Amino acid sequence: MAKLLEVEDVVAGYGRGPDILTGTTLSVEAGHVQCIIGPNGAGKSTLMKAIAGLLPLRSGAIRFNGERIDGMRPDQILRKGICFVPQERALFGKMTVRENLRMGGFILDDPRALGQRIDAVLEAFPILGERATQRAGTLSGGQQQMLAMARTLIVEPEIVMLDEPSLGLAPQIVEQMYDIVHMLREKGMTVLLVEQNAAVGLANADRGSVLDLGKTLFEGPASEILSDPRIQELYLGKPSQVA
Ligand SMILES: Nc1ncnc2c1ncn2[C@@H]1O[C@H](COP(=O)(O)OP(=O)(O)OP(=O)(O)O)[C@@H](O)[C@H]1O
Ligand SMILES: [Mg+2]
């Protein structure tokens, strides 16, 4: 099966600084939830920024549906169907829930279609529907994450990239957030996510990628990564079994 997203030997860094991605290779199949794990500073957020067009590549290539997208502007990449929810969620705190959803659809030219999609999203997420006129900054952390994810639906992307979507959320809210991830998958979307809680992220994913020092060390079925003793010891915080 053809891959939806392919990252090939990507080298990238910030300004004149050192390479952060040092030859990263990653592939994502359509319809899957794929979880990237790895220690702090591994380059997970940097990889997502590079895919979203927020950071130029120094070398390598990124393909989406077989087409080179590296070198395109972030809005062009969004139009191709790649939506990115950054670690800091990037909501407009002083704007209402509805206004935030409208901002998410800035690439849509048809105001009527935009209005319809906003209404559909508010219906699919009743908690947001009840708070449509409330300022985003006054929502709870879980509701803000829900809004950030709901906002991606406005443009009906093919793939949603979520950087640490469970950051700062209580365990019960994390579960609700993953319910939304599964809902996106059922709608036919592909989800690429970074998760600090590797065990939770992998348990909710089809495939996993282990990133360290700017390189993908392992990519495979999430269940295989979860049960690999070396990966458990290094990245899942479990001590290795002493025989
Ligand atoms: N805007 C920036 N300018 C310069 N260096 C940066 C910038 N953002 C990140 N870095 C550096 O890039 C490296 C990788 O950071 P990145 O945020 O991609 O890691 P991460 O795997 O997402 O880590 P975390 O788990 O802490 O979110 C770090 O050394 C970091 O200091
Ligand atoms: Mg990060």
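The model is predicted, so local features need pLDDT of at least 70 and side-chain atom pairs count only at pLDDT 80 or more, whereas totals for chains, interfaces and linings use all residues. Residues are numbered from 1 along each chain as its sequence is written, chains are lettered from A and ligands numbered from 1 in the order in which they are written, and side-chain values use heavy atoms, with hydrogens and water left out. The structure includes an open sheet of four strands with antiparallel pairing and an open sheet of six strands with mixed pairing. Helices (H or I, at least four residues) and strands (E, at least two) are DSSP runs, numbered from the N terminus.

- Strand S2 (19–29) and strand S5 (67–68) are the edge strands, each pairing on one side only.
- Strand S1 (residues 3–13) runs antiparallel to S2 and is joined to S2 by eight bridges; Leu5 has Val28 as its bridge partner in S2.
- Helix H1 (residues 44–51) lies across S1, S2 and strand S4 (59–64), at about 70 degrees to S2. Axes are lines fitted to C-alpha atoms, for helices over the stretch in contact, and angles run from 0 to 180 degrees between N-to-C directions.
- Seven of the eight residues of H1 are buried, so H1 is largely enclosed by the rest of the structure. Buried means under 20% relative accessible area, exposed over 50%, and partly exposed in between (1.4 Å probe, protein chains only).
- The buried residues of H1 are Lys44, Ser45, Thr46, Leu47, Met48, Ala50 and Ile51.
- Gly53, which follows H1, has a positive phi near 85 degrees.

**The six-stranded sheet**

- The strands of this sheet stand in the order S6-S7-S8-S3-S9-S10. Because S6 and S10 stand at the edges with a single partner strand each, one side of each is left without a neighbour in the sheet.
- Neighbouring strands are turned by 15 degrees against each other on average, direction ignored.
- S6 runs parallel to strand S7 (residues 159–163), with four bridges joining them; Cys83 stands opposite Val160 in S7.
- Helix H7 (residues 171–186) packs on the sheet and touches strand S3 (33–37), S7 and strand S8 (190–194), its direction making about 150 degrees with that of S8. Contact means heavy atoms within 4.5 Å.
- Both faces of S6 are covered, with Ile82 and Phe84 buried on one side and Cys83 and Val85 buried on the other.
- Strand S9 (residues 207–212) and strand S10 (residues 215–221) pair in the antiparallel sense over six bridges, and Leu211 stands opposite Thr216 in S10.
- The hairpin of S9 and S10 has two residues between the strands, and Leu213 in this hairpin takes a positive phi near 50 degrees.

- The largest pocket has a volume of about 480 Å³. On a 1 Å grid over the protein atoms alone, a pocket is an open set of points where a 1.4 Å probe fits, with protein on both sides within 12 Å along at least five of seven lines; lining residues have an atom within 4 Å of a point. Grid points are joined across faces, edges and corners, and a volume is the space filled by probe spheres set on the points.
- Two or more lining residues come from each of helix H2 (74–80), strand S6 (82–85), helix H3 (97–104) and helix H6 (141–153).
- Of the 20 lining residues, Leu78, Cys83, Phe84, Phe106 and Arg151 lie nearest the centre of the pocket.
- Arg151 is found in helix H6 and is buried, with a relative accessible area of 14%.
- Leaving aside neighbours within four places in sequence, Arg151 is in contact with residues including Arg89, Phe92, Asn100 and Gly104.

**Loop residues**

- Met95, in the loop between S6 and H3, counts as partly exposed at 27% relative accessibility.
- Asn65, in the loop between S4 and S5, has a positive phi near 50 degrees and counts as partly exposed at 46% relative accessibility.
- Glu156, in the loop between H6 and S7, has a positive phi near 45 degrees and counts as exposed at 52% relative accessibility.

Terms used: Pairing = 2+ DSSP bridges.
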